[in-house]
Amino acid sequence: MNAEHFKSLLARVLDDELTPAQSVELIEWLRQNPDARVELSKHLVLWDLYSQQTRAERSATAFADACRTRIVAETDRLEFVHETQQRLRRSVKERGSSLDSRTWQFTEWIARWLPSPRWIVATALVLLAILALPGFLRTEGVPELAPVAGGRIEILRGQEAIAAVAGLRLQANDVIRTGSDTKTVIAYGREATRIELEPNSVLKLLTSNGGKQLELREGMIDAIVARQRWFHPMLVKTPQAEARVLGTRFTLTATNNRTRLDVSEGKVRFTTTSDGEAVTVTAGHSAIAAFNTKLAALPQTGSILREIWTGIPGGEVNDLLDHADYPNRPAHRNMLNTFETPVIQTNNYACRLIGYIHPPVTGDYTFWIASGSYGTLWLSPDEHPVGKVRIAAAVGGLPRGWAPPKPGYRYQMPQSPEVRLVAGRRYFIQAIEKTATNSSHLEVAWKIPGAEREIISGEFLSPFEPIK
Amino acid sequence: MTPLDPDNLGAFSELVHEHQAGLRAFIRALGVETDWVDDLAQETFVVAFEKRHQFDTAKNFGKWLRGIARNLVANERRKDARRARILDGPLTDYLVENQNVAEMAEAVESQELIQAMNDCIAQLPERSRALLERRYEANENASALSRIFSLSPEAIRQSLMRIRAGVKHCVETKVAWR
């Protein structure tokens with residue numbers, strides 16, 4: 001190795017591109033050349049200082065903010081652990097002294113009057129049998145086609161196409177296909193169950209009486225299901241999953257590579273076809289069955305929470321973070337269906353968008369922030385706000401839509417490093433903008449692997465809810 | 001540990017502001033990957049805040065911070081290689097054990113270095129300054145820069161290294177950094 005080769009290895013170190021083999025060579029050279037050791041250290045120090053000066057997300061303010069957040073979070077955690085330990089100790093002490101003689105006398109008195117265990121078991125079995133009887137009965141109701149709205153509907157019965165008319169009694173193995181501007185409803189006699197088949201959907205009835213079994217091959221159904229008999233739940237199969245329903249309201253959407261379930265009332269058992277993994281999805285939650293997606297019931301997406309503070313002077317994010325009204329007393333709260341706010345002219349104003357991000361695929365994501373004044377973006381490695389770190393900042397504001405900088409404008413990259421996210425999980429995210437005067441706006445975009453940069457749509461967002 | 005109160009954290013925030021630049025540069029000089037330097041520096045301040053009552057105020061706070069950082073970086077070696085935040089295990093071992101990294105960090109004030117470096121960079125030709133800015137401000141690697149500047153990645157690395165060496169030499173003429 002010579003001095004020239006050392007320089008090429010030094011360049012690799014400064015660019016974080018050193019291979020293990022190059023590292024061995026470099027260490028050997030450093031051992032033999034004390035001057036090279038000094039040179040390496042000086043370069044590392046110097047160019048890190050330069051990076052701190054030039055990268056917005058590494059600015060002193062950004063660093064100090066993140067530091068403060070982590071210190072407060074860590075202190076909260078330690079205090080919580082300390083308090084919990086003290087409570088446990090107190091509770092153990094109290095329990096030791098509480099079983100006095102009066103308690104024992106009362107317990108013995110109760111025991112004397114209770115019937116023998118044999119009688120209790122027998123009575124419970126009889127009661128259970130009476131209560132369970134309706135569960136063995138078949139569900140009533142034969143499927144019928146309700147009036148058709150829009151254009152044409154195809155119904156295939158075996159090889160034969162039959163006319164879709166209101167009141168048509170559907171049979172097992174009938175396949176119903178709606179057109180691009182058509183939808184229809186399947187009703188079940190006197191039962192309140194109604195299945196709305198949305199445009200461009202294909203549904204096959206697997207049974208026509210008894211328990212309801214359907215196969216949604218593609219498209220969407222919006223279903224209201226009356227309470228079913230215990231042993232005859234309604235089953236809806238899709239290419240990726242099976243939904244088991246006893247009585248609820250839900251929407252099921254199937255495409256060729258994923259099935260999404262949204263439950264608005266009751267609960268649905270959702271099982272993936274590929275590996276039999278199952279999850280119970282309750283009201284207000286959704287689940288996705290797809291390749292490379294972790295099955296989980298998560299709060300429904302569609303919006304993110306916006307909080308607004310007014311009358312707080314200062315133009316830096318810290319001016320909000322240090323204010324007594326933050327975070328619990330915003331002047332206004334509402335939901336946004338995309339990760340952006342409109343442009344407004346205002347003074348002494350702060351805004352926070354807070355919630356969860358739901359990545360659609362597993363991979364490396366990049367985020368961008370733009371804001372009228374100082375704006376910062378935090379992301380947590382999981383759903384807990386405590387682990388959030390600042391990943392991007394718009395120092396001094398950035399044009400809406402990240403328009404190219406004007407001549408003379410110092411270009412700052414409001415861009416995060418690549419962050420690996422796993423589909424099927426949700427991640428805590430928040431963006432804050434603080435404006436002293438003039439225009440205020442806040443936008444956050446991301447780049448889904450393999451796609452272009454876009455403002456994050458409500459489809460991938462859910463509003464913040466404190467985790468209990 | 002006493003309960004956290006805003007005054008306490010306020011005073012500590014001032015120390016963070018004062019020492020953050022030098023501490024981050026020191027952590028980088030221990031062979032930590034650029035993208036993880038700030039994370040480890042924040043951890044260092046979190047540990048320092050938790051142990052603040054153990055600190056002897058007669059002693060050098062920066063040196064105490066660097067001791068904590070050195071331990072945190074050394075701990076990275078116990079992690080699975082994929083999870084470790086360092087550039088290369090053996091190189092970090094070497095740099096952690098090597099005293100001259102600490103000497104470099106203590107030899108001169110970070111603000112003095114930054115001032116000198118900014119002066120030196122201001123004297124660079126336009127194209128060299130643009131290359132540095134794209135490399136650091138936009139965080140683009142040699143492959144990305146090679147497309148922008150129509151040069152091979154190796155030529156970009158060599159150009160950058162020449163610029164860096166020139167700036168370092170210029171800085172050494174302005175501050176006593178031996």
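Analyst: The model shown is predicted. On its surface, A:Val121, A:Leu125 and A:Leu128 make up a nonpolar patch, and their accessible area together is about 310 Å². A:Val121 lies in helix H6 of chain A, which covers residues 117-136.

We now turn to the contact itself. Chain A contributes 55 residues and chain B contributes 62 residues. The size of an interface is often expressed as the accessible area that is lost when the parts come together. Between chain A and chain B, about 5700 Å² is buried, and carbon and sulfur atoms give 65% of this area. Within chain A, the residues that lose the most area to chain B are A:Lys42, A:Trp47 and A:Phe63, which together account for 13% of what that side buries.

Charged and polar pairs also join the two chains. There are 10 salt bridges between chain A and chain B. The side chains of A:Asp15 and B:Arg164 form a salt bridge, with 2.8 Å from N to O. Between chain A and chain B, 17 residue pairs are in polar contact, with both residues at pLDDT 80 or more.

On the side of chain A that touches chain B, the elements giving two or more residues are helix H1 (3-14), helix H2 (20-32), helix H3 (34-54) and helix H4 (60-98). H3(A) gives the most to this side, with 18 residues. Sorted by class, the side of chain A that touches chain B comprises 27 nonpolar, 10 polar and 18 charged residues.

Conventions:
Residues numbered from 1 in each chain as written. Chains lettered and ligands numbered in written order. Predicted model: local features only at pLDDT ≥ 70, side-chain atom pairs only at ≥ 80, totals over all residues. Heavy atoms only, no water. Patch = residues over 30% accessible without salt bridge, like charges linked within 9 Å, V, L, I, M, F, W, Y side chains within 5 Å. Areas by Shrake-Rupley, 256 points an atom, 1.4 Å probe, with all protein chains shown as cover. Salt bridge = Lys/Arg side-chain N within 4 Å of Asp/Glu carboxyl O. Helix = DSSP H or I, 4+ residues; strand = E, 2+ residues; numbered from the N terminus. Contact = heavy atoms within 4.5 Å. Buried area = accessible area lost by both parts, 1.4 Å probe. Polar contact = N/O pair within 3.5 Å; in protein donor to acceptor, adjacent residues only side chain to side chain. Nonpolar A, V, L, I, M, F, W, Y, C, P; charged D, E, K, R; others polar.
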